[in-house]
Amino acid sequence: QVQLVESGGGLVQPGGSLRLSCAASRPILHMYAMAWYRQAPGKQRLVVAHITRDGRANYVDSVKGRFTISRNNANNTVYLQMNSLKPEDTAIYYCNAGDYSGGAYYSYDSWGQGTQVTVSS
(Lines give C-alpha, C1' and ligand atoms only; values in the text may rest on other atoms or scores of the structure.)
Protein backbone atom coordinates (compact mmCIF):
# COMPACT_ATOMS: atom_id res chain seq x y z
CA GLN A 1 0.00 0.00 0.00
CA VAL A 2 1.23 3.47 -0.91
CA GLN A 3 1.23 6.06 1.88
CA LEU A 4 0.34 9.50 0.56
CA VAL A 5 0.40 12.94 2.18
CA GLU A 6 -1.52 15.89 0.76
CA SER A 7 -0.83 19.54 1.53
CA GLY A 8 -1.59 23.01 0.24
CA GLY A 9 -5.25 23.45 1.10
CA GLY A 10 -6.71 26.49 2.76
CA LEU A 11 -9.25 29.28 2.63
CA VAL A 12 -9.36 31.30 -0.56
CA GLN A 13 -11.75 33.85 -2.04
CA PRO A 14 -13.73 33.08 -5.19
CA GLY A 15 -11.52 33.58 -8.22
CA GLY A 16 -8.39 32.75 -6.26
CA SER A 17 -5.83 30.00 -6.70
CA LEU A 18 -4.29 27.19 -4.70
CA ARG A 19 -1.74 24.50 -5.48
CA LEU A 20 -2.13 21.14 -3.80
CA SER A 21 0.76 18.71 -3.43
CA CYS A 22 0.81 14.97 -2.84
CA ALA A 23 3.95 13.16 -1.76
CA ALA A 24 4.61 9.49 -1.10
CA SER A 25 6.61 8.11 1.80
CA ARG A 26 8.86 6.21 -0.61
CA PRO A 27 10.10 7.08 -4.16
CA ILE A 28 7.50 4.98 -5.94
CA LEU A 29 4.96 7.36 -7.46
CA HIS A 30 6.52 6.91 -10.91
CA MET A 31 5.09 3.38 -10.87
CA TYR A 32 1.46 4.55 -10.71
CA ALA A 33 -1.15 6.56 -12.47
CA MET A 34 -2.31 9.21 -10.00
CA ALA A 35 -5.51 11.07 -9.38
CA TRP A 36 -7.05 13.80 -7.29
CA TYR A 37 -10.49 13.24 -5.78
CA ARG A 38 -12.68 15.55 -3.71
CA GLN A 39 -15.46 15.02 -1.23
CA ALA A 40 -17.89 17.75 -0.23
CA PRO A 41 -19.90 17.46 3.00
CA GLY A 42 -22.63 14.86 2.65
CA LYS A 43 -21.53 13.86 -0.84
CA GLN A 44 -19.60 11.05 -2.50
CA ARG A 45 -15.88 11.17 -3.08
CA LEU A 46 -15.45 11.82 -6.82
CA VAL A 47 -12.48 12.01 -9.13
CA VAL A 48 -11.43 15.48 -10.28
CA ALA A 49 -8.44 14.69 -12.48
CA HIS A 50 -6.05 11.88 -13.21
CA ILE A 51 -2.64 11.62 -14.85
CA THR A 52 -1.03 8.60 -16.44
CA ARG A 53 2.52 7.44 -15.69
CA ASP A 54 3.69 9.16 -18.87
CA GLY A 55 1.94 12.44 -18.08
CA ARG A 56 -1.34 12.35 -19.99
CA ALA A 57 -4.04 14.16 -18.03
CA ASN A 58 -7.82 14.03 -17.96
CA TYR A 59 -10.35 16.16 -16.08
CA VAL A 60 -13.99 16.19 -15.15
CA ASP A 61 -15.95 18.82 -17.06
CA SER A 62 -16.53 21.04 -14.03
CA VAL A 63 -12.80 21.79 -13.64
CA LYS A 64 -11.59 21.77 -17.25
CA GLY A 65 -9.70 24.93 -18.08
CA ARG A 66 -9.31 25.83 -14.38
CA PHE A 67 -7.38 22.92 -12.82
CA THR A 68 -4.11 21.36 -13.95
CA ILE A 69 -2.74 18.08 -12.67
CA SER A 70 0.97 17.44 -13.04
CA ARG A 71 3.61 15.14 -11.70
CA ASN A 72 7.31 15.32 -10.95
CA ASN A 73 8.61 11.78 -10.69
CA ALA A 74 12.08 13.01 -9.75
CA ASN A 75 10.79 14.48 -6.50
CA ASN A 76 8.03 11.92 -6.06
CA THR A 77 5.22 14.49 -6.02
CA VAL A 78 1.92 15.07 -7.80
CA TYR A 79 0.31 18.51 -7.96
CA LEU A 80 -3.09 20.04 -8.57
CA GLN A 81 -3.01 23.68 -9.62
CA MET A 82 -6.45 25.19 -9.07
CA ASN A 83 -7.30 28.56 -10.59
CA SER A 84 -10.51 30.57 -10.80
CA LEU A 85 -11.83 28.78 -7.75
CA LYS A 86 -15.55 28.72 -7.08
CA PRO A 87 -17.52 28.10 -3.88
CA GLU A 88 -18.64 24.76 -5.31
CA ASP A 89 -14.99 23.63 -5.33
CA THR A 90 -15.11 23.56 -1.53
CA ALA A 91 -14.28 20.03 -0.39
CA ILE A 92 -11.64 17.82 1.13
CA TYR A 93 -9.18 16.91 -1.61
CA TYR A 94 -7.47 13.52 -1.66
CA CYS A 95 -4.77 12.10 -3.88
CA ASN A 96 -4.80 8.49 -4.95
CA ALA A 97 -2.45 6.01 -6.57
CA GLY A 98 -3.93 3.69 -9.17
CA ASP A 99 -3.76 2.31 -12.68
CA TYR A 100 -4.76 3.55 -16.11
CA SER A 101 -5.98 0.91 -18.51
CA GLY A 102 -8.34 0.78 -21.47
CA GLY A 103 -9.03 4.50 -21.28
CA ALA A 104 -10.09 4.48 -17.65
CA TYR A 105 -8.53 5.23 -14.28
CA TYR A 106 -8.77 2.57 -11.58
CA SER A 107 -8.10 3.61 -7.99
CA TYR A 108 -6.16 1.47 -5.58
CA ASP A 109 -6.95 1.57 -1.91
CA SER A 110 -4.19 4.10 -1.25
CA TRP A 111 -5.38 7.40 0.15
CA GLY A 112 -3.87 10.28 2.04
CA GLN A 113 -5.58 12.09 4.91
CA GLY A 114 -6.87 14.80 2.61
CA THR A 115 -6.50 18.56 2.61
CA GLN A 116 -9.39 20.98 3.10
CA VAL A 117 -10.10 23.57 0.42
CA THR A 118 -12.64 26.25 1.27
CA VAL A 119 -13.68 28.85 -1.29
CA SER A 120 -15.60 31.65 0.36
CA SER A 121 -15.73 35.41 0.53
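## Charge over rings

A charge counts as sitting over a ring if NZ of Lys or CZ of Arg is within 6 Å of the ring centre and within 35 degrees of the ring normal. In this predicted model, Arg 45 lies over the face of Trp 111, at 4.7 Å from the ring centre. The charged end of Arg 45 also sits over the ring of Tyr 94, 3.6 Å from its centre.

Tyr 94 and Trp 111 belong to a cluster that ring pairs form together with Tyr 37.

## Aromatic pairs

The structure holds three aromatic pairs. One of them joins Tyr 32 and Tyr 108, which are edge-to-face at 6.0 Å centre to centre, with 85 degrees between the planes. Tyr 32 is in the loop between S3 and strand S4, and Tyr 108 is in strand S10, so this pair ties together parts 76 residues apart in sequence. Tyr 32 is buried at 16% relative accessible area, whereas Tyr 108 is partly exposed at 36%.

The rings of Tyr 37 and Trp 111 have centres 4.9 Å apart and planes at 75 degrees, so this pair is edge-to-face. Tyr 37 lies in strand S4 and Trp 111 in strand S10, so the pair links parts 74 residues apart in sequence. Tyr 37 counts as buried, at 11% relative accessibility; Trp 111 is partly exposed, at 26%.

## Disulfide

The structure holds one disulfide. Cys 22 is joined to Cys 95, with an S to S distance of 1.9 Å. The torsion about the S-S bond is about 55 degrees, so the disulfide is right-handed. Cys 22 lies in strand S3 and Cys 95 in strand S9, so the bond ties together parts 73 residues apart in sequence.

Cys 22 is buried, with a relative accessible area of 0%. Cys 95 is also buried, at 0%.

Terms used. Residues are numbered from 1 along each chain as its sequence is written. This is a predicted model: local features need pLDDT of at least 70, side-chain atom pairs count only at pLDDT 80 or more; totals for chains, interfaces and linings use all residues. Side-chain values use heavy atoms; hydrogens and water are left out. A disulfide is a pair of cysteine sulfur atoms within 2.5 Å. Helices (H or I, at least four residues) and strands (E, at least two) are DSSP runs, numbered from the N terminus. Buried means under 20% relative accessible area, exposed over 50%, partly exposed in between (1.4 Å probe, protein chains only). Rings of Phe, Tyr and Trp (its six-membered ring) pair if their centres lie within 6.5 Å; planes under 30 degrees apart count as stacked, over 60 as edge-to-face and the rest as tilted.
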